[in-house]
Amino acid sequence: MFDAIRIGGPARPQVLVIAQFQDEDVAKQAKQIDPYGHLQAARQRGEATGEPGRIFELFPDTKADKNAPARIMLVGVGPRDSFKVGMLRNVAASIGRRLVQTRETDIRIDFSDVLNQSKADAYQAGIAFGEGLGLLGWVYDTFKGKATKTPKRTKLNVRSEQPEFEEGIEQGLALAESTNFARSLSETPPNICTPDWMAQQAERLGREYGMKVKIFRGRDLERENFTGLINVGKASEHQPCMIRIEYTPKGGKGAGKGKTAKAGARAQKPVVLIGKTMTYDSGGLSLKIGGGMVGMKRDKDGGCAVLGAMHAIATVIQPRVPVVAFLAAAENAISDEAYRPDDIIRYRNDVTVEVTNTDAEGRLVLADALIYACEIEKPRYIVDLATLTGGVVIALGSVYAGLFCDDDDLRTKLDQASEASGERIWRLPLHQEYRDMMKSPVADIVNSSPVRKAAPITAAAFLSHFVDEKIPWAHIDIAGVHAVESDSGPFIKGPTGWGVRLLANLLENE
Ligand code: BES
Ligand code: ZN
Ligand code: ZN
């Protein structure tokens, strides 16, 4: 879309953008921007309605007024009563799409009227706007070849009259950059993006932003008893690994009140983030059939989102608390060495699992990370993200991710973060009866319930066997929201990087 988006540009930009509530005039600014009554006439013709994202354009006489912008975009933000700053993500995307057509590169945003009237927080509004532009700007052409003509891309300079709004845009653009990093990882094909390749990305991130990275592979997996990863990954020529990334707060903001950075960090329990990172899910011996396998390169999107969140944490959020991330990375392939239905696996916490379906592999690798995190990291809480079940797509579609969390405090934090990021979560229940549905006649539990009922819930119930009851834990099933099938809002068909901004917001408030 754009080559780069940055704050700045000339004092007199080419385009001025003003917001309009639905079916309302642009009160104060109207006369100033519409001396010839074009806007009024357009409103009478039924244009310039102010519907969300709808753009009406005016062209001031730049000969008569040398300070006037060449184009004014009047953009609708919907009805006044239901206005929320989060809507500005899609509004920004509409403006961005129009700018790609007009090829103008310098814009100034003046939403002050609308924001003042709705008593909205200008900084938060700026963040949403910046996110919208930044997400729209994502380009992934790494694998385009000679047969594709690359479109010419322009730079975009953005300014705002309101300093808080402009600061917000900067923050929003930064968060979009972290999200776009996750999207690019997600888009990387499985012949390139192997578990080892993901480990290399984590190591590079760690080197660039001063985070400690440790990769458990081969013997390390055996020593730590990461039996889920060993089994799920053993049919692939690409070896599985557990990727651990540690962010430690540094000085100033990170140290906490009255403490030195080190003492503060040592005294603090970390937040643990876990991501399912299946670089390809063929289903294993319980092979996926029909069209079910296409797109399974995205079965790593939980891990991609966690890595994107660590990027945001290290670059923009810099929270006061330590954060430890685990990416359980493997390829679920087939060979004569594949794990099979009927195998029994014994975990590090001595829970045994009878494999009844090798396509329910995500929970098997997440179990390793959950046990290890509870036992070794002693976290304040754990959040895991996983493209875990097709069932959650049936239940919630692509509108909400499924949330499983019985801890009231953690749920409140996640709800706040979700409200800020616009990434919606809907709570589903955990109950002993769902755990009972996972009982095995030969081992403790099965990895896939013999009845197909409540699949996302029984998956979460499975995971609960590997979490210390005393540690607050949230599992988020992102199978429905990690990608979109067609262009929508600031996203083009493909990965959304769902969760990066949710997790960033969660840590921002710690
Ligand atoms: N990776 C899939 C879940 C998935 C489905 C993600 C669609 C994204 C889109 C997961 O490993 C899987 O295959 N789950 C099975 C579980 C079943 C065998 C209990 C499913 O949901 O069908
Ligand atoms: Zn699967
Ligand atoms: Zn999977």
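I count two strands as paired if DSSP finds at least two bridges between them. I keep that rule in mind for the sheets below. The model I am reading is predicted.

Next I checked the contact between strand 12 and strand 16. Strand 12 covers residues 352-354 and runs parallel to strand 16. Two bridges join them. In one pair that I noted, Val-353 has Ile-445 of strand 16 as its bridge partner.

**Entry: strand 17**

I moved on to strand 17, residues 473-477. Is it buried or exposed? I find it mostly covered, with five of its five residues buried.

I then sorted its side chains by direction. Trp-473, His-475 and Asp-477 point one way. Ala-474 and Ile-476 point the other way. I note that all of these residues are buried, whichever way they point. In a regular strand the side chains alternate between the two faces of the sheet.

Strands of a sheet pair through backbone hydrogen bonds, either parallel or antiparallel. I looked for both senses here.

How many bridges link strand 13 to strand 17? I count five, in the parallel sense, with strand 13 spanning residues 381-386. Leu-385 stands opposite Ile-476 of strand 17.

Strand 14, residues 401-404, pairs with strand 17 in the antiparallel sense. Three bridges hold that pairing. Phe-404 stands opposite His-475 of strand 17. So far I have Ile-476 facing Leu-385 and His-475 facing Phe-404.

**Entry: the whole chain**

I stepped back to the chain. It has 18 helices and 19 strands. Of its 510 residues, 56% count as buried.

Along the principal axes, the C-alpha atoms fill a box of roughly 85 × 60 × 45 Å.

I checked contacts between residues at least 6 apart in sequence. Of these, 77% join residues at least 24 apart.

**Entry: surface and charge**

I put the accessible surface at about 22,300 Å². Carbon and sulfur atoms own 48% of that surface.

I also looked at charge placement. The chain carries 65 positive and 66 negative charges, and their mean positions are 4 Å apart.

Terms used: Residues numbered from 1 in each chain as written. Chains lettered and ligands numbered in written order. Predicted model: local features only at pLDDT ≥ 70, side-chain atom pairs only at ≥ 80, totals over all residues. Heavy atoms only, no water. Helix = DSSP H or I, 4+ residues; strand = E, 2+ residues; numbered from the N terminus. Buried < 20%, exposed > 50% of the residue type's maximum accessible area, 1.4 Å probe, protein only. Contact = heavy atoms within 4.5 Å. Areas by Shrake-Rupley, 256 points an atom, 1.4 Å probe, with all protein chains shown as cover. Lys, Arg positive; Asp, Glu negative; His and termini not counted. Charge placed at Lys NZ, Arg CZ, Asp CG, Glu CD.
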